[in-house]
Amino acid sequence: METSTLQRPVPARRPVSEWRLQIGHRRRLARADLLGVAAWVSAGMAIALWLAAAPVRLASPGDVITAAGIAAGMIGTDLILVMIVLAARIPVIERTIGHDAAMTVHGSLGKPALYLLLAHAGLLVVGYAATDGSSWLAETISLLTVSDVLLATLGLLGIAAVVITSIVAVRALLPYEAWYLIHLGSYVAVWIALPHQLSMGGMLAQGSWQRVYWLALYVGGFGAIVWFRFAVPLVRSIRHRVVVERVQQVAPGVVSLWLRGRNLNELQARGGQFFIWRFWSGSTWWHGHPLSLSAAPTPTHARVTVRALGHGSRRLASLRRGTRVSFAGPYGIFSDQARSRSRIAVAASGIGVTPIRAFLENLDAAPGAVTILLRARSERETYLWDEILAWARDTGAACYTSVGRRGAGSAAWLSATDEARGVSAATIWPDLAASDLYVCGPAGWADCVEADARRAGLHPEQLHRERFDW
Amino acid sequence: MRRRVVIGGILAGAAVIVVGWEAGEVTPPSHQALSSPAGHTGADGSSATGSSATRSAGSSPADTAQSASGAYRDGTYTGSTISTRFGNVQVRVQVSGGDIAAVTPLRLTDRDRRSVMISQHAAPLLQQEALAAQSASVDAISGATYTSEGYRQSLQAALDQAQ
């Protein structure tokens, strides 16, 4: 079939210079730093709002506890809003720190935010009780009779449920869909906590700039979610009309899905990026699949390659031609956009080869500047290797393979036999300290690669990893 | 890079907090600020029934403490509205047989829900104090200093009419 052949890029231009790559890289890191500082400033603003609104009374222990409780609530809520912004897939954040890093930060803020909000509730009960001279129980009851506080308490329970179900151990027990629904509930939880913020303390009083700022944060965060997570994907899905064109068996349990659409170049997807695909067949429509492109997209076609890991991905093998596909993306910075050096080192294992395959295709590098290592436990897992080897041959890239059971030493990411021969990151990529390293494969394996590469002199900024434990 | 973010973030965040701190002047841990509401006395007394509220901020409650039982004319008197930063305070006093028989709060600090809670907690205690003292010489209820001060001033204005 004609559509199964992909156009190979013709390296017509001179490869991009080291200097330009470094400038671009520095700019990206500076933008990332600015975003980080902005998050800190937002926490500072939360405190400043409260300080500016009222002279803080610290006359008695009760006042001090109350003040600490208010501060905890302001910062905790601000962290929740920062988490919402991080999860909103806002393009500037996606391009700057990447989807994975954004979600990692999002996840790492969950527990601190919850602890702060629990402290907020606890400290205010204790602080109010101390000033009113009543018991904690009586104070709790009198607070809960205020309807706004009751709502906020329900919201807090909702946030606690979200955080608890997101703890790795608990999340493993839950189906993805249950976890996702509870997470959607957190939007409600955050909203129903708002009335008590406006009515309880005087700091967000009607007509104050504090109230305007705070509501703007809420509206901005939720607006970004609605726009970038729902509206933009919907419009793109309708506009580009993607359908399944062909399902191709690559190996046992591994299929390539050939997708056809209109003007896909407008999406400006780069090889190495991923989309969250939704295939509208009876058994698959309710599950979004985050899948990397396994070939650079053309204006009319895209390809993803998937290994049957869960029930959902197994059903993808039986998709029919013509199945409608909606999508969100492109996401991720596992692409040439994140480069910092002209030399490229690549390590791929198992099905992790898919984004690497697309990434290489878009890569603008001089002959000899790319060194690839492909890793598989057995010959049966050498998915798409023929395509990568062909690309390496055509472009003058070096490509090594390492097949067999993994070793046990410091280079355990290679096969035991290769490790015994003394092969390591340092011998495969002698210029590693002056290269970008792109790694994609199972998390444990990628950790091994990372550690070995660090020993060989790789700076953390030059490491690019794609998560593959979906 | 990461350290740069943390240091930069802390500095920038701290700067914002300092500005906020400056914007809302911080009361020292004492009751000095409490005389300030008196400055608004009368200016806000729209519903004050004829209360003149000429009393200066410096007038001590002790001045009126001497008014012993039976010192007031019978009737119902409405104190002036005292504005505090947590809302306006106004009380009505009922004198019978020359004694303060009841103090009814017409309005207590209510700018936000927490203030309402505080007012509800403080109102009965303040009335108790006023009845016991038979004057406006009430001690501030802890946690309700603004409410207490407003209450005291409004009550004083009402009792001034009853002299």
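**Notes on the A–B interface and the cores of chain A**

1. Chain B and chain A bury about 2800 Å² between them, and carbon and sulfur atoms give 63% of that. Buried area here is the accessible area (1.4 Å probe) that two parts lose on being put together, summed over both. Three residues to look up are B:Arg113, B:Arg114 and B:Met117: they supply 22% of the area that chain B buries against chain A, more than any other three residues.

2. Before you go on: this is a predicted model, where local features need pLDDT of at least 70 and side-chain atom pairs count only at pLDDT 80 or more, while totals for chains, interfaces and linings use all residues. Residues are numbered from 1 along each chain, chains are lettered from A, and side-chain values use heavy atoms, with hydrogens and water left out.

3. Who touches whom? In contact (heavy atoms within 4.5 Å) are 31 residues of chain B and 35 residues of chain A.

4. The rule finds 3 salt bridges across this interface, a salt bridge being a side-chain nitrogen of Lys or Arg within 4 Å of a carboxyl oxygen of Asp or Glu. A:Asp33 pairs this way with B:Arg4, with the closest N and O atoms 2.6 Å apart.

5. Now chain A's inside. The largest nonpolar core has 48 residues, and A:Trp50, A:Met74 and A:Trp214 have the most contacts inside it. Such a core is a set of buried (under 20% relative accessible area, 1.4 Å probe, protein chains only) Ala, Val, Leu, Ile, Met, Phe, Trp, Tyr and Cys residues joined through side-chain atoms within 4.5 Å.

6. Leaving aside neighbours within four places in sequence, A:Met74 is in contact with A:Ala46, A:Leu49, A:Trp50, A:Met203 and A:Trp214. A second, separate core of 28 residues includes A:Ile351 and A:Phe359.

Key: Buried < 20%, exposed > 50% of the residue type's maximum accessible area, 1.4 Å probe, protein only.
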